Amino acid sequence: SIRFSSLNQFLRANHKRLACYYLISAILFGVSATLFSLLLRIELYSSGNRIIPFENQNFYNLSITLHGLLMIFFLVMPGLYGAFGNYFLPVFLGSPEVAFPRVNSFSFLLLPVSYAFVILSTASEFGAALGWTLYPPLSTSLMNLSAAAVDLIIDGLIISGVSSLFGSLNFLATIAAYGVLRSSFPLFTASILITAILLILTLPVLSAALLILLADLHFNTVYFNPAFAADPVLYQHFFWFFGHPEVYILIIPAFGIISEGISLFSQKIILAFDSMILALLCLSILGSGVWAHHIYTVGLEVDTRAYFTAVTIMISLPTGTKVFNWFCSYLGNSMQLSNITSIKWIILFLLTFTLGGSTGVILANSATDLALHDTYYVVAHFHFVLSLGAVIALFSSLILYQKVIFASDLSFYSSTVFHFFLSFIAVLMTFTPMHFLGFNVMPRRISDITDNFNSWNYVSSVGSIFTLVSAALLKKK
């Protein structure tokens with residue numbers, strides 16, 4: 001367990017201590033990201049302008065931008081990959097420390113710097129209301145209202161990418177140094193290995209795209225400016241070549257944690273262990289080759305859409321294998337396991353991730369996606385996979401390993417169970433109505449809605465309030 005007492009201890013490079021710093025930082029950063037999402041839900045609970053005045057609708061898109069960036073790069077990645085990877089990877093490998101402890105410390109110290117850059121972008125007069133994908137030409141012209149804010153966000157993302165790159169190289173070196181003689185890896189170690197490789201392969205593409213954005217913005221280059229016969233769709237290819245593997249970078253560590261949790265409580269190896277490793281490999285390979293299903297609407301030719309539709313649907317095969325093996329490993333045990341709070345969170349992860357994956361199969365079809373792409377159905381899909389997948393896995397691992405990491409309980413048993421059930425109801429209330437709103441063609445990134453969307457939006461907004469209340473129930477015993 002880790003205890004914190006002095007500045008000298010804060011500056012140490014012990015992997016367990018750094019893991020706790022990653023975890024605390026991720027939670028603090030996640031609070032700010034959650035507050036931005038709460039602003040969005042309060043604004044959308046009814047038609048008309050509620051808390052965002054009509055003359056400042058730019059703030060609505062600014063909230064979307066910061067909510068997306070902070071959740072992905074500053075909550076889920078540091079929480080699941082940085083914190084639990086640092087804490088448990090050396091433990092599972094039987095090594096005393098990661099390969100390069102000082103580099104590990106430097107990697108963490110870059111994280112609050114990058115967060116400060118992103119948050120500092122709000123200090124400009126208008127902020128960077130671009131959407132979290134930073135699409136040109138809006139991000140590369142005076143139309144964005146604040147070039148300085150765009151600069152700060154790009155700088156913050158590049159620094160965050162350098163931090164992740166150093167961390168991934170460190171994990172890879174640790175596995176190469178201490179795990180090369182092992183005949184097999186635990187599933188969590190395999191998930192960290194695959195995630196590190198994905199990050200090393202895709203982060204340079206994102207960094208290059210962001211640097212080209214800076215060049216277009218300040219150095220009169222025209223890589224993405226359609227006014228000079230350039231191609232803004234090229235940026236979308238660059239971004240999503242990183243962006244779709246990023247989905248698996250976020251969720252694969254969660255797969256490892258869920259696998260270890262089920263294996264721990266069932267006291268046996270996950271069913272068909274070798275197929276689980278193969279499924280992770282297939283998922284990472286297939287997931288790296290389907291980036292263009294995010295941009296069906298830009299005018300891809302029919303053959304290209306057919307390829308990306310087919311390969312995207314193929315991803316359901318390794319995903320289905322993992323879900324089947326998880327359920328079979330759990331169902332082969334005493335039902336008394338259901339009384340354990342961590343198992344409740346793991347089952348909730350399996351249910352929500354399966355539902356999110358099912359809607360992903362629907363959106364994989366290019367013909368369907370053309371109709372639903374700019375609607376709340378897409379928002380519901382990726383929130384069920386990420387918000388209800390990765391974040392639930394984070395809660396599950398926090399409760400599962402609380403005595404190992406913090407040497408104390410986060411909460412009394414009854415309070416933890418109440419927190420689980422309230423969270424379960426809250427997340428379903430928040431995100432399930434978005435499917436119905438999407439099928440009724442409610443557009444996303446629009447702050448004012450028509451009256452026929454009021455009922456489901458009201459349910460969703462009340463659910464988001466319940467989510468905030470349930471998070472406040474987790475406290476130290």
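Q: How far apart are the mean positions of the positive and negative charges in this protein?
A: They're 22 Å apart, going by 18 positive and 18 negative charges. Keep in mind that this is a predicted model.

Q: OK, switching to folds: how many helices and strands are there?
A: You get 16 helices and zero strands.

Q: And what radius of gyration does the protein have?
A: It's 22 Å. A compact globule of 477 residues would come out near 23 Å, so the protein agrees with that.

Q: What size of box do the C-alpha atoms fill?
A: Roughly 60 × 50 × 45 Å, taken along the principal axes.

Q: What share of the residues is buried?
A: 56% of the 477 residues count as buried.

Q: What about the surface, how much of that belongs to carbon and sulfur atoms?
A: The accessible surface is about 19700 Å², and carbon and sulfur atoms make up 70% of it.

Q: Remind me, what's a disulfide?
A: It's a covalent bond between the sulfur atoms of two cysteines.

Q: Is cysteine 20 buried or exposed?
A: Buried, because its relative accessibility is 1%. Cysteine 282 has 31%, so that one counts as partly exposed.

Key
Residues numbered from 1 in each chain as written. Predicted model: local features only at pLDDT ≥ 70, side-chain atom pairs only at ≥ 80, totals over all residues. Heavy atoms only, no water. Helix = DSSP H or I, 4+ residues; strand = E, 2+ residues; numbered from the N terminus. Rg over C-alpha atoms; globule rule 2.2 N^0.38 Å. Buried < 20%, exposed > 50% of the residue type's maximum accessible area, 1.4 Å probe, protein only. Areas by Shrake-Rupley, 256 points an atom, 1.4 Å probe, with all protein chains shown as cover. Lys, Arg positive; Asp, Glu negative; His and termini not counted. Charge placed at Lys NZ, Arg CZ, Asp CG, Glu CD.
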